[in-house]
Amino acid sequence: MQLHFSPGMRSITISSRSSSNGGGNGDLMKIKVAARHFSYRTLFHTILILAFLLPFVFILTAIVTLEGVNKCSSFDCLGRRLGPKLLGRTDDTGKLVKDFVKILNQVNSEEVPAGLKLPESFSQLVAETKNNKYSAKEFSLVLKGMMEKSEREIRESKFAELMNKHFAASAIPKGIHCLSLRLTDEYSSNAHARRQLPSPELLPLLSDNSLNHFVVSTDNILAASVVVNSAVQSSLKPEKIVFHVITDKKTYAGMHSWFALNPVTPAVVEVKSVHQFDWLTRENVPVLEAVESHNLIRKYYHGNHVSGANLSDTTPRSFASKLQARSPKYISLLNHLRIYLPELFPNLDKVVFLDDDVVIQRDLSPLWDIDLSGKVNGAVETCKGEDEWVMSKRFRNYFNFSHPLIAKNLNPENCAWAYGMNIFDLHAWRKTNITNTYHAWLKENLKSNLTMWKLGTLPPALIAFKGHVHPIDASWHMLGLGYQNKTKVENVKKAAVIHYNGQSKPWLEIGFEHLRPFWTKFVNSSNDFIRNCHILE
């Protein structure tokens, strides 16, 4: 079948294909077109254009239908897809957003009415908006009130959490208390627990400067055992290690029992109480006695830590730092003993002082080979490092520079250094006035009602050791494991000494789980006292 158009489009003839080949009259139909009043060529072109557009429109319509009625269900929506100008549809979304932002800015400068009833949840907000037909401004005020209420509750919860953590950190765990009591009882009933430490033939080693002398001052028996065990097990020459463990009178019997019953041969351990040092008399440490008995200080450390505090102007991190500085250990004589090392060990030339919350992971004997260049204190600086929270400490972080004496004598940008693992040249120390300077600044702070710094051993030490510190490589001493829960395990493994400074001690339930194993692996869990006190269970 064929379709023939006459010239000028005046007639249309439909014929069969066979008739055209055979030459017969095979026309099936012939249509004459009426006289035209317009150009048929134009009509033809219009038909061609429509034939091209209609499939496109059909496809778009199908897509619109498949996407859902709520999203787009009419040619009006199709107009939005093809373009607002094509079908006369304009998009008001931008204008609506601008109007809403304008209302939000207006509400931001206004106070939420005191009596405004706030929804308890988002679904309740949606329901009340429908029922009450809020205006845009009313809705914004309610939303602002809800957000401010949530912010207050979150802050209050955070501060409450920090307070609870502070109390947990200050308390003595039941297992550690049990250990101290059982070992004290053992001291009174077991002669082997009372044997001399070290044995008489080893006494000369306590003043032998060819050996590596460590000093630990603590009343925590479990912590002291971890420090000693980790140092001995990590040493390449444990026979050269001598530990001087200093404790208080109430803990002495238990501490002595532990190391008498659990020797760390071939290393040597001496246990002494502060009352066994002839030099530590009231005449020699009047300032420290004043620190312990000062009413303002006792109120500061044992009083209400929230009363009178303006929490609205304090960030949680700042509040946490202030709480940490209020640890009762800071008014303990044991914590200040390090400033008297030259007098306590008059026959020693060099010692490494360790806090009781450290773990030794590497041989520390190279510390004695470090040339301190005539300085007294070899320490890691804490003003530069990968961790910007832990390693960003300068003098401004410890002192009140609005106090005239502080502003006159100190530079806020001076780099701080760390206590916890220090190599002290006692021979060089005895030639300085460090201890007297320490005492003098403690007195000034007491006179100023603790307005120069809130107590602790580091601030006065930063002043006393000014000009006497030799920086050592940061790999020797890694800090922050007691407050930085984002500490990378890979970095912990590389450090020679890791320090759980902060509230989250590894022997507490609030310790960080991923960092605790570095400490617990040096606890003798097979020991009967450890098992009977259910420590680490």
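User: Asp-357, buried or exposed?

Analyst: Asp-357 is buried, with a relative accessible area of 2%, where buried means under 20% relative accessible area, exposed over 50% and partly exposed in between, computed with a 1.4 Å probe on protein chains only. This is a predicted model, in which local features need pLDDT of at least 70 and side-chain atom pairs count only at pLDDT 80 or more, while totals for chains, interfaces and linings use all residues. Residues are numbered from 1 along each chain as its sequence is written, and side-chain values use heavy atoms, with hydrogens and water left out.

User: Which residue forms a salt bridge with Asp-357?

Analyst: That is Lys-505, with the closest N and O atoms 2.4 Å apart; a salt bridge here is a side-chain nitrogen of Lys or Arg within 4 Å of a carboxyl oxygen of Asp or Glu. Lys-505 sits in the loop between strand 13 (497-499) and helix 21 (517-520), and Asp-357 in the loop between strand 7 and strand 8, so the pair ties together parts that are 148 residues apart in sequence. Helices (H or I, at least four residues) and strands (E, at least two) are DSSP runs, numbered from the N terminus. Lys-505 also counts as buried, at 10% relative accessibility.

User: And Asp-355, what does its side chain meet in a salt bridge?

Analyst: The side chain of Asp-355 meets that of Arg-338, at 3.2 Å from N to O. Asp-355 belongs to the loop between strand 7 (350-354) and strand 8 (358-360), whereas Arg-338 is in the loop between helix 14 (333-336) and helix 15 (341-344), 17 residues apart. Asp-355 is buried at 13% relative accessible area, and Arg-338 is buried at 4%.

User: How many salt bridges does the structure hold?

Analyst: There are 10 salt bridges in the structure. One of them joins the side chains of Lys-137 and Glu-110, at 3.2 Å from N to O. This pair links distant parts of the chain, with Lys-137 in helix 7 (residues 136-170) and Glu-110 in the loop between helix 5 (93-108) and helix 6 (122-132), 27 residues apart. Lys-137 is partly exposed at 31% relative accessibility, and Glu-110 is partly exposed as well, with a relative accessible area of 24%.

User: Which residues are linked in a network of salt bridges?

Analyst: Asp-219, Asp-248 and Lys-250 are linked in such a network. Asp-248 is in the loop between strand 5 (241-247) and helix 10 (249-261), and Asp-248 is buried, with a relative accessible area of 14%.

User: OK, switching to sulfur. How many disulfides does a search of the whole structure find?

Analyst: The search finds two disulfides, the criterion being a pair of cysteine sulfur atoms within 2.5 Å. Cys-178 and Cys-533 form one of them, with their sulfur atoms 2.1 Å apart. Cys-178 lies in helix 8 (residues 174-189) and Cys-533 in the segment after helix 22 (528-532), so this link ties together parts that are 355 residues apart in sequence. Both Cys-178 and Cys-533 are buried, and their link is left-handed, with -75 degrees about the S-S bond.

User: What about Cys-383 and Cys-415, how far apart are their sulfur atoms?

Analyst: The sulfur atoms of Cys-383 and Cys-415 are 2.0 Å apart, and the two residues form a disulfide. That link is left-handed too, with -100 degrees about the S-S bond.
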